[in-house]
Each structure stands twice: as C-alpha cells, then as structure tokens.
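Open your viewer and get ready to select residues by number. We will go stop by stop.

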Amino acid sequence: MISHAIARRIRDLEQYSPMLTAPADLDEFWSRTLDTFRDKPLNDHVEEQPTPMRTVQAFKVTYEGFDDTPLSGWFVRPAGQEQEALPCIVMYHGYTGSKGYPEEYAQWAAMGYAVFAVDVRGQGGETGNRLPSEFGMSTGWLTQGILDKEQFYYLAITIDALKAVEWAAARHDVDASRIAVYGASQGGGLSLITAALSDIPAVAVANIPNMCHMDFGILNSESSLKEAAQFVSRYPEHLGQVLQTLSYFDMLNLGDRVKIPLLVSCGLKDMVCLPETIFAAYNRIRAPKDIAVYPFDGHYVGPHHTRRTMEFLQQHFG
C-alpha cells in the first residue's frame with residue numbers, strides 16, 4: 001500500500017509538463033555538429049592490463065572525441081570469449097568521478113557482457129582537458145565555455161560520449177546491435193543525450209540523471225548546476241546567454257529524440273537532480289520506457305535498483 005501523500009506527489013510529477021526552452025536552431029545545430037564529427041578519427045590505443053581477476057580481461061583504452069585530448073577508458077570482458085561478439089555496456093560516471101578500476105565492472109562481465117567505462121574529461125580520472133577557455137569560470141568544469149555553445153564543456157563531453165559508443169561498435173568482439181548506454185547523475189545525463197543523438201545504442205539506463213530541465217535546476221539544484229548559478233551571480237548580465245547555451249543540451253528539449261527502450265530512476269528526496277527535472281525530460285520521451293521512483297532515496301542508486309537494472313539489460317540482451 002502506498003500513502004496518499006506519496007501517490008499524489010508521484011501523480012503530480014507524472015503530469016509535470018513545463019514549457020520547452022528549445023532555441024529555434026536546435027535541430028540545425030545538432031545536425032551540423034553531428035555531421036562535423038561523424039568522420040573524426042578515434043586515434044585509439046588499446047593495451048591489455050593485468051588484474052587480480054582470473055575470469056575477466058581488462059584493457060586500457062585511449063581514444064579521441066571532441067578534440068585531441070586523449071580520453072581514458074577501461075574495456076572489460078569475460079575471459080576466454082575473445083572470438084564471441086558480446087553485448088556491451090558503455091558507462092559514464094558521475095560529476096567529479098572517474099572510470100575507477102576494472103574490478104568495479106566484474107558483475108557485468110559475470111553476466112556475459114563487455115563494458116567500456118570512460119573518464120569524463122578533466123574530472124577525477126586520468127583524462128585531461130585540452131578544451132580552450134576564453135572566459136573565466138566558477139568552481140568546477142561546468143562553466144567552461146558556457147557563453148558559447150560551440151565551445152561549451154557540455155558539447156565536448158557529449159561528443160566524447162558519442163565517440164565512446166562509436167568505439168565500442170567498431171570492436172570485433174562487441175555485438176554492435178546490442179550496445180547499452182548507462183550512467184548515473186552526470187552519467188545518466190550523458191546516457192540520455194547519447195540515446196537522443198546516436199543511432200548506435202539499443203537500450204539506455206539513466207539513473208538520477210542530470211542535464212534535464214536545467215532552467216529549473218540552475219535555480220534550485222545543489223548539483224553541478226550551482227556552478228552556473230555562481231557564474232551568473234558574478235556576471236548577472238550573462239544570465240540570458242547561459243540559459244540559452246544550456247538549452248541546447250537539455251533533455252527537456254531533446255527527450256523526444258530518444259527512440260530506444262529506457263530505464264530511469266528517481267529519488268523523491270534528491271536535491272541534486274530534483275524529481276521535477278527528471279520527470280520533465282522523462283515525460284517528453286515517447287519510446288518504451290520505465291521509471292523507478294524511490295520515495296525515500298536521495299542522490300544515490302541503491303542495490304535494489306542495481307538488481308532491477310541487471311534484469312532490464314538481461315530482458316533486452318539475454
């Protein structure tokens with residue numbers, strides 16, 4: 001039995017439909033941008049790395065995305081299946097995080113899946129950031145280039161994410177028809193925008209995703225968007241330009257582009273990626289979808305939802 005208060009809160013969120021913030025040239029911008037990067041070479045390098053795990057193989061990968069920054073990743077797969085084309089999960093981490101260690105992906109290898117887990121440039125991993133900056137930034141990375149959509153940090157990490165699925169799809173030991181994108185928070189936002197802009201992924205998992213309804217988020221969130229709020233507090237004359245730049249990357253405006261099965265999670269006590277932001281984007285998506293709502297969860301993903309995610313991927317990949 002669910003309480004009336006919780007049921008009403010969820011019902012209100014399911015009906016939440018804020019005005020779109022899409023600029024007039026949104027479609028033209030993404031069409032031109034994707035064309036520009038379509039044939040950009042990956043310039044990748046792959047080297048096997050030893051781990052304590054006897055049943056898992058791990059490879060250190062570098063590749064290029066938006067620019068010539070060497071992006072670091074782990075490609076992990078079950079040992080002894082080199083000749084088999086496996087389903088692959090491309091994973092994006094949360095803000096300030098990293099790809100971590102290969103051992104963190106053993107559970108997916110145990111299911112028979114390969115994983116390609118990548119660093120987001122400049123954050124807590126082994127990857128730098130050669131993106132130029134022509135204006136000052138507030139703390140963190142979010143405000144780098146925020147006055148110009150062509151130089152914005154979100155553009156760089158979006159192209160990096162798109163190139164990651166391109167790299168996975170080109171592998172002989174990956175089944176290109178069974179690629180998932182997966183992430184939480186920032187990683188959930190990257191999963192959504194990759195699902196919206198790439199025809200490679202077959203399914204997507206976006207847990208407590210960022211990059212949704214960002215005009216609401218910049219006003220209320222305790223997430224990375226507070227960096228944009230700090231920037232505007234310092235330079236209030238740039239509010240309009242900041243909001244316009246964010247709108248090109250907002251899943252509120254891009255949600256209708258998602259065409260693949262999708263699993264989303266949301267915590268009603270989340271003050272980082274607020275429920276309003278997640279539902280605003282989720283309600284715009286017309287693909288087969290499911291959202292797991294956890295009334296008493298904040299900004300984290302619990303083991304129950306990890307199990308649910310595994311079952312979701314197993315349903316689609318076997």
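Is Met 211 buried or exposed? Select Met 211: it counts as buried, because its relative accessibility is 1%. Buried means under 20% relative accessible area, exposed means over 50%, and partly exposed is in between (1.4 Å probe, protein chains only).

Before moving on, know your model. It is predicted: local features need pLDDT of at least 70, side-chain atom pairs count only at pLDDT 80 or more, and totals for chains, interfaces and linings use all residues. Residues are numbered from 1 along each chain as its sequence is written, and side-chain values use heavy atoms, with hydrogens and water left out.

**Stop 1: two positive phi angles**

Stay on Met 211. Its phi is positive, about 65°, although Met 211 is not a glycine. Met 211 lies in the loop between β7 (203-207) and α6 (214-220). Helices (H or I, at least four residues) and strands (E, at least two) are DSSP runs, numbered from the N terminus.

Now select Asn 43. Its phi is also positive, near 45°, in a residue other than glycine. Look for Asn 43 in the loop between α2 (26-37) and β1 (45-49). Asn 43 is partly exposed, because its relative accessible area is 48%.

**Stop 2: the largest nonpolar core**

A nonpolar core is a set of buried Ala, Val, Leu, Ile, Met, Phe, Trp, Tyr and Cys residues joined through side-chain atoms within 4.5 Å. Select Trp 30, Phe 116 and Phe 249. Of the 78 residues in the largest core, these three touch the most other members. Helix α4 (residues 153-169) gives the most to this core, with 12 residues. Another core lies apart from it, with 21 residues, among them Trp 74 and Phe 317.

Zoom in on Phe 249. Contact means heavy atoms within 4.5 Å. Beyond its neighbours within four places in sequence, Phe 249 has contacts including Trp 30, Met 211 and Leu 254.

**Stop 3: Leu 254**

Go to Leu 254, in helix α9 (residues 251-254). Leu 254 counts as buried, because its relative accessibility is 0%.

**Stop 4: a helix pair**

Show helix α1 (residues 4-14) and helix α10 (residues 275-282). Their axes are 9 Å apart, and they pack at an angle of about 45°. Which residues of α1 and α10 make the contact? Arg 9, Leu 13 and Glu 14 of α1 meet Pro 275, Glu 276 and Phe 279 of α10.

Conventions: Axes are lines fitted to C-alpha atoms, for helices over the stretch in contact, and angles run from 0 to 180 degrees between N-to-C directions.
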